[in-house]
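Subject: Structure handover

Hello,

I am passing a structure on to you. Please open it first, then read my notes below.

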Amino acid sequence: MYRDFGTIFLFILLGIVLVYVPLLISKLVAPKKYTPDKMSTYECGEESEGSAWVQFNIRFYVIALIFLIFDVEVVLLFPWAVVFKELGLLAFVEMAIFLIILTVGLAYVWKKGDLDWVKYRVKYGRGRYSKIVGKE
Amino acid sequence: MTIDQLMNWIPFGADWPALAFFAAVLVCALTVFLFIAVYALMAIYGEVKISSFMQDKVGPMGQGVGFHAGKWGLLQPVADAVKLILKEDIIPTLADKKLFIMAPFVVFIGAFISFAALPFNQHTVVSDLNIGIFYILAVGSLSVIGIILAGWGSNNKWSLYGGMRSAAQIVSYEIPAALSIITVIMLTGTLSMQGIIEFQKGTIWVILPNWIIFNNPFSFIAFFIFFISGVAECNRTPFDIPEAESELVAGAFTEYSGMRYAFFFLSEYAEMFVISAVATTAFLGGWNSPISGFFDGPGWGLFWFMGKSLFLVFVMLWFRWTFPRLRVDQLMSICWKVFLPFALVNIFGVAIWSLIIG
């Protein structure tokens, strides 16, 4: 047991070394002619406009939240799946209840429109957005 | 297990077990690294050639005078590798230097340590963990962290967009993939990779091999859900929106050059192999031969495992020239509204199937 995961731990350490060595070789043989323009941020040849560290779209946050819930569910399902055949019907019923609750949650999120990447249901009210209402 | 065999071979093994253990792991790590490098060069050559044939071209040929890419362009990937080593290493002045440097390490190590649990044949597996498949799924998602580090650390708008999209995509597709794997575990009752393959020995229905994909109709669907989600997790076309070159330049990797970029590239190919190998192990019988009882030895085991895995890698390359790229909203809705419900239904299906029949 400790040897199994000791192997993994050594693999991580050796992985770092194995990435570092080629980078070092490259550092020794590659040219180093740095100019301020070369080191500037790439923006299709234009001068870069401001920093990229900005507040970001909230839809990524919602996806992350839903992911978190389902990932915890998956983690819980793994040990259940291993012993499922031994425990039989009782385990199935228990897990079915758990899964159905989560499925209801999924249906709720789906109905609420949080799974849509482009949220057509938001009614902006006025201006040019007023016409994109109700793409169901 | 390979580590034990290696330790027996090492002459000073009895005197210094810790040192022998370290030496054995070092040999394994170097072998895996070499395998990834050679396989990646082959896969790059294969990708160039297969893409060319699918587009009715010949690809790199190298028929000129002087420096050229060898017979049938066989030296093309070597030339690419040399070029990447000789490239100038650029870290933008505005970037967050620590995160920028850390990103390729994290991405590559995520792919690299997955290889530790892959069973290449009956005896060859670096570490046959009792939670093998769970471990691979867990470690496989390390690459997301690296991609976010790359996207955020570059301080570039393309990178940020690419990194964010990539993260949203990979975490989303992890769920259908993991739920499909759960159907396999429900049938086998073990998380060990070798245990899953042992379960798939023999035949079912006279002629079909007893692979999980043929075990019941739900497993058949689960295989396709897993494989397509796997393609999406590797950010391969048609799911390559994070690095869609026509809109985001190179996504999270826009600012990377030289060897740092090469490691992202290497880990993409390594991850393709890992996904294919897991699909092979979980659904296609691993190192079991398709005709039960024939072609069964360790050598054949390696042959079948590599054959099946590389065939699935080929299918991924094939996808690229068959399907157009998805739009980002289509991508997300396919994951959450098609694959996830199907994967949930699969779990119920397999449970009821094995309660009634198995």
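Predicted model: local features only at pLDDT ≥ 70, side-chain atom pairs only at ≥ 80, totals over all residues.

Chain A has an average pLDDT of 79. In that chain, 84% of the residues score at least 70. Helix H2 of chain A, residues 59–87, has the lowest confidence there, with a mean of 85. Helix H3 of chain A, residues 89–112, has the highest, at 87.

Next, the contact. Chain A brings 68 residues to it, and chain B brings 85 residues. Together the two chains bury about 7,000 Å². Carbon and sulfur atoms account for 79% of that area. As for salt bridges between chain A and chain B, the count is zero.

Now the cavities. Rolling a probe the size of a water molecule over the atoms shows where empty space is left. A search of the whole structure turns up five cavities of 30 Å³ or more.

The largest cavity holds about 150 Å³ of space. Its lining is made of 15 residues. Nearest its centre lie Ile136(B), Gly140(B), Glu233(B), Val274(B) and Ile275(B). Four helices of chain B each give two or more residues to this lining: H4 (97–114), H5 (132–140), H9 (217–233) and H11 (258–283). H11(B) gives the largest share, four residues. By class, the lining of the largest cavity has eight nonpolar residues, five polar and two charged.

The second largest cavity holds about 100 Å³. Residues lining this second cavity include Val107(B), Ser143(B), Ile147(B), Cys234(B), Asn235(B) and Glu243(B). Also among them are Phe253(B), Phe264(B), Ser267(B), Glu268(B) and Glu271(B). Which elements of chain B give two or more residues to the lining of the second largest cavity? They are helix H6 (142–153) and H11. Here too H11(B) has the largest share, with four residues. This lining divides into five nonpolar, three polar and four charged residues.

Best wishes

Definitions and conventions. Residues numbered from 1 in each chain as written. Chains lettered and ligands numbered in written order. Heavy atoms only, no water. 1 Å grid on protein atoms, 1.4 Å probe; cavity = no way out; pocket = protein on both sides within 12 Å on 5 of 7 lines; lining within 4 Å. Points joined across faces, edges and corners; volume = space filled by probe spheres on them. Nonpolar A, V, L, I, M, F, W, Y, C, P; charged D, E, K, R; others polar. pLDDT = per-residue confidence, 0-100. Contact = heavy atoms within 4.5 Å. Buried area = accessible area lost by both parts, 1.4 Å probe. Salt bridge = Lys/Arg side-chain N within 4 Å of Asp/Glu carboxyl O.
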